[in-house]
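Please find below a note on the model under review, arranged as numbered points.

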Amino acid sequence: MLIRTRTVSRPANDGQLAALAGEQVFCSEFTYRRGTEVFGEGEEAGYVYQIVSGAIRTYKLLCDGRRQINSFHLPGDLFGLENGAVHRFTAEAVIQTKVRITSRRHLLDRIEHQEEGQASLLTLVTRNLQHAENHMLLLGRKTSVEKVAAFLLEMDRRQDHPDVMSLPMSRRDIADYLGLTLETVSRALSILRDDNMLRFDGQTQRQLVLLDRKALAQLDA
C-alpha cells in the first residue's frame, strides 16, 4: 500500500538527487509500507526515486522461482534511473519507506544544463558499475563466511561505521543478496560471533556491533 504523505512538491536539498540536478529539482514525497512494490521489472521507467527514510531492495525473479536481490538502497540513495525505457529490476520497500519521486525527463533536462550534474551522473554510473562488479565477484568466488563478512563491511561503510549497526533487511533478504540459503547465512553469522568479530545487540538480531573490522576485512580480502 502506498501512502501519499505530502501533496505539495518540494525541492530536493540533499542526497544524490540534489547532487545531480541541484536544489531546484522538484519532487513529491510518498511512503510505501513494508513489502509494497514501488515498480516492477519491465514497467516504464518514467520516474526516479530517492530514499528519505527506510530501505528498498531491487531484485529479479529467476525462472525457477528463486529471488536474486541486486542491491539494497538506503537513505539518500537514488534508484530507478535507467539507461533504457523500462526498469530492469523490481523494487520493493524492505520496511516502511519514505521516498522522493521526480520525473526522469525533468531530471535529465536539468542535468543536461549543469556541468556539476553531469559530473555527478558520471560518478553515480561509475559507482553502480563498481557495485555490480563487486557483487558478481561476491557471488562467484567467496565462501559463505567471506560473503557475509563482505556484506557486513558494505553495510558498515554505507552507514558511516556506526557504533551499533541496524540492518533493515531480514536474513532471507541477505541470503537472496549473497546467493546463499537462510540457514547458511545464520550459520555464518554464528561463526563470526563465536570468533568475536561481532555481537548482536537486542533480541531481533537486526542490530549488531562489529568488534573486529580488521579481521572481517581480512576475510573479505
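1. Basis. This is a predicted model, in which local features need pLDDT of at least 70 and side-chain atom pairs count only at pLDDT 80 or more, while totals for chains, interfaces and linings use all residues. Residues are numbered from 1 along each chain as its sequence is written, and side-chain values use heavy atoms, with hydrogens and water left out.

2. Overall content. The chain has 7 helices and 12 strands (DSSP runs numbered from the N terminus: H or I of at least four residues for helices, E of at least two for strands). Of its 221 residues, 43% are buried (buried is under 20% relative accessible area, exposed over 50%, partly exposed in between, with a 1.4 Å probe and protein chains only).

3. Contacts and surface. Among contacts between residues at least 6 apart in sequence, 70% join residues at least 24 apart (contact: heavy atoms within 4.5 Å). The chain exposes about 11,800 Å², of which carbon and sulfur atoms supply 48% (Shrake-Rupley method, 1.4 Å probe).

4. Largest pocket. Its volume is about 1,300 Å³ (a pocket is an open set of points on a 1 Å grid over the protein atoms alone, where a 1.4 Å probe fits, with protein on both sides within 12 Å along at least five of seven lines; lining residues have an atom within 4 Å of a point; the volume is the space filled by probe spheres set on the points). The lining has 42 residues, and Ser-71, Arg-127, Asn-128, Leu-129 and His-131 are the closest to the centre.

5. Lining. The largest share, 13 residues, comes from α3; β6 (67–73), β7, α2 (104–112), α3 (115–141) and α4 each supply at least two residues. By class, the lining has 20 nonpolar, 12 polar and 10 charged residues (charged: Asp, Glu, Lys and Arg; nonpolar: Ala, Val, Leu, Ile, Met, Phe, Trp, Tyr, Cys and Pro; polar: the others, Gly among them).

6. Glu-82. This residue lies in the loop between β7 (78–79) and β8 (90–93) and is buried, at 10% relative accessible area. Its side chain makes a polar contact of 2.8 Å with that of Arg-88 (a pair of N or O atoms within 3.5 Å, one able to donate a hydrogen and the other to accept it). Leaving aside residues up to four places away in sequence, Glu-82 touches Ala-45, His-87, Arg-88 and Arg-104.

7. Backbone. Asp-160 is not a glycine, yet has a positive phi of about 60°; His-161, also not a glycine, has a positive phi of about 55°. Asp-160 is exposed at 64% relative accessibility, whereas His-161 is partly exposed at 47%.
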